[in-house]
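Please consult the sequence and the structure shown here while reading.

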Number of protein chains: 2
Amino acid sequence: MTDRLSLIFAALADPTRRAILARLAEGEATVTELAEPFDISLPAISRHLKVLESAGLISRSRSAQWRSSRLEAGPLREATAWMERYSRFWDDNFTRLDAHLKRLQEEKP
Amino acid sequence: MTDRLSLIFAALADPTRRAILARLAEGEATVTELAEPFDISLPAISRHLKVLESAGLISRSRSAQWRSSRLEAGPLREATAWMERYSRFWDDNFTRLDAHLKRLQEEKP
DNA sequence: ATCGTACTTAACCAAGCCGTTAATTAACGG
DNA sequence: CCGTTAATTAACGGCTTGGTTAAGTACGAT
């Protein structure tokens with residue numbers, strides 16, 4: 001589970017982390033600001049941020065005692081690129097056509 | 001972690017499961033067929049399939065003693081839709097413009 | 001020097017994940 | 001009925017995750 005894509009998907013698998021990303025889409029924020037909407041401890045948030053950071057989904061900077069996080073959407077593009085390999089299955093019409101072709105092919109031999 | 005999106009992302013966070021999906025993109029397959037490329041036991045594969053199924057990423061049917069799996073890409077579309085909310089951050093130019101606008105706005109007050 | 005604020009690290013715990021082997025279920029074929 | 005093949009379920013072990021509280025670090029302000 002050490003590959004990049006796995007890290008990204010695993011990071012996105014937690015609703016708290018997705019909410020943090022949503023918040024960061026509105027602009028940078030400090031840890032306490034990010035923690036505010038949630039009913040969990042600061043250390044917990046701190047670790048969520050670490051997970052997001054090691055997935056490359058955020059970058060962090062510090063000024064004085066504040067550490068502010070910033071959304072980095074590159075990994076999201078990566079993940080989307082991976083999923084797009086399957087986009088041809090999204091379209092119901094295509095799926096039906098595909099199934100039809102497959103059926104035809106199986107009738108041959 | 002019971003929400004749909006979390007299930008989907010968690011399912012995708014495993015390379016074996018992603019490989020299974022890739023295989024299924026080429027057509028339906030039985031459990032042993034799916035297991036073949038991997039160096040792990042059949043029960044392990046069986047459980048991966050259960051994870052994929054409860055995320056809605058595959059559907060399963062049986063004929064005689066064979067259970068064949070079929071790719072269901074709907075959840076992938078869902079996941080992509082979620083990520084697309086951030087697509088404006090993917091484009092570097094936009095990001096720079098966005099940062100610029102934000103700076104301007106912060107200069108005002 | 002010390003206090004307060006912002007945050008991280010450490011130590012711990014319960015629950016979940018991913019793998020194993022062994023046992024079980026299910027269906028077909030002689 | 002019996003044996004074989006396909007797959008799942010059960011029981012277990014080790015590692016990870018997501019949370020906790022308590023202690024530590026880093027910086028600014030007084």
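Is B:Asp3 buried, partly exposed or exposed? At 27% relative accessibility, B:Asp3 counts as partly exposed, where buried means under 20% relative accessible area, exposed over 50%, and partly exposed in between (1.4 Å probe, protein chains only).

## Basis of the report

This is a predicted model, in which local features need pLDDT of at least 70 and side-chain atom pairs count only at pLDDT 80 or more, while totals for chains, interfaces and linings use all residues. Residues are numbered from 1 along each chain as its sequence is written, chains are lettered from A and ligands numbered from 1 in the order in which they are written, and side-chain values use heavy atoms, with hydrogens and water left out.

## The interface between the chains

Chain B places 31 residues in contact (heavy atoms within 4.5 Å) with 32 residues of chain A. The buried area between chain B and chain A is about 2,700 Å², and carbon and sulfur atoms give 69% of that area; buried area is the accessible area (1.4 Å probe) that two parts lose on being put together, summed over both. Of the area that chain B buries against chain A, 22% comes from B:Arg18, B:Tyr86 and B:Trp90, more than from any other three residues.

Nine residue pairs, both residues at pLDDT 80 or more, are in polar contact between chain B and chain A. A polar contact is a pair of N or O atoms within 3.5 Å; within protein, one must be able to donate a hydrogen and the other to accept it, and residues adjacent in sequence count only if both atoms are side-chain atoms. On the side of chain B that touches chain A, at least two residues each come from α1 (4-12), α2 (15-24), β3 (66-71) and α5 (74-84) of chain B. Helices (H or I, at least four residues) and strands (E, at least two) are DSSP runs, numbered from the N terminus. The element that gives the most to this side is α5(B), with seven residues.

## Salt bridges

Over all chains, the structure holds eight salt bridges, each a side-chain nitrogen of Lys or Arg within 4 Å of a carboxyl oxygen of Asp or Glu. Two salt bridges are counted between chain B and chain A. A:Arg18 and B:Asp3 meet through their side chains in a salt bridge (2.7 Å, N to O). This pair crosses between chains, from helix α2 (residues 15-24) of chain A to the segment before α1 of chain B. A:Arg18 counts as buried because its relative accessibility is 7%.

Within chain A, the closest N and O atoms of the salt bridge between A:Arg70 and A:Glu72 are 3.8 Å apart. A:Arg70 is partly exposed at a relative accessible area of 33%, and A:Glu72 is partly exposed at 29%. A network of salt bridges links A:Glu28, A:Arg70 and A:Glu72. In chain B, B:Glu72 and B:Arg70 meet in a salt bridge (3.8 Å, N to O).

Which residues touch the most other members of the largest nonpolar core? They are A:Phe9 and B:Phe9, in a core of 58 residues. A nonpolar core is a set of buried Ala, Val, Leu, Ile, Met, Phe, Trp, Tyr and Cys residues joined through side-chain atoms within 4.5 Å. Neighbours within four places in sequence aside, the contacts of B:Phe9 include A:Phe9, A:Leu12, A:Met83 and B:Trp82.

The buried residues of α2(B) include B:Arg18, B:Ile20 and B:Leu24.
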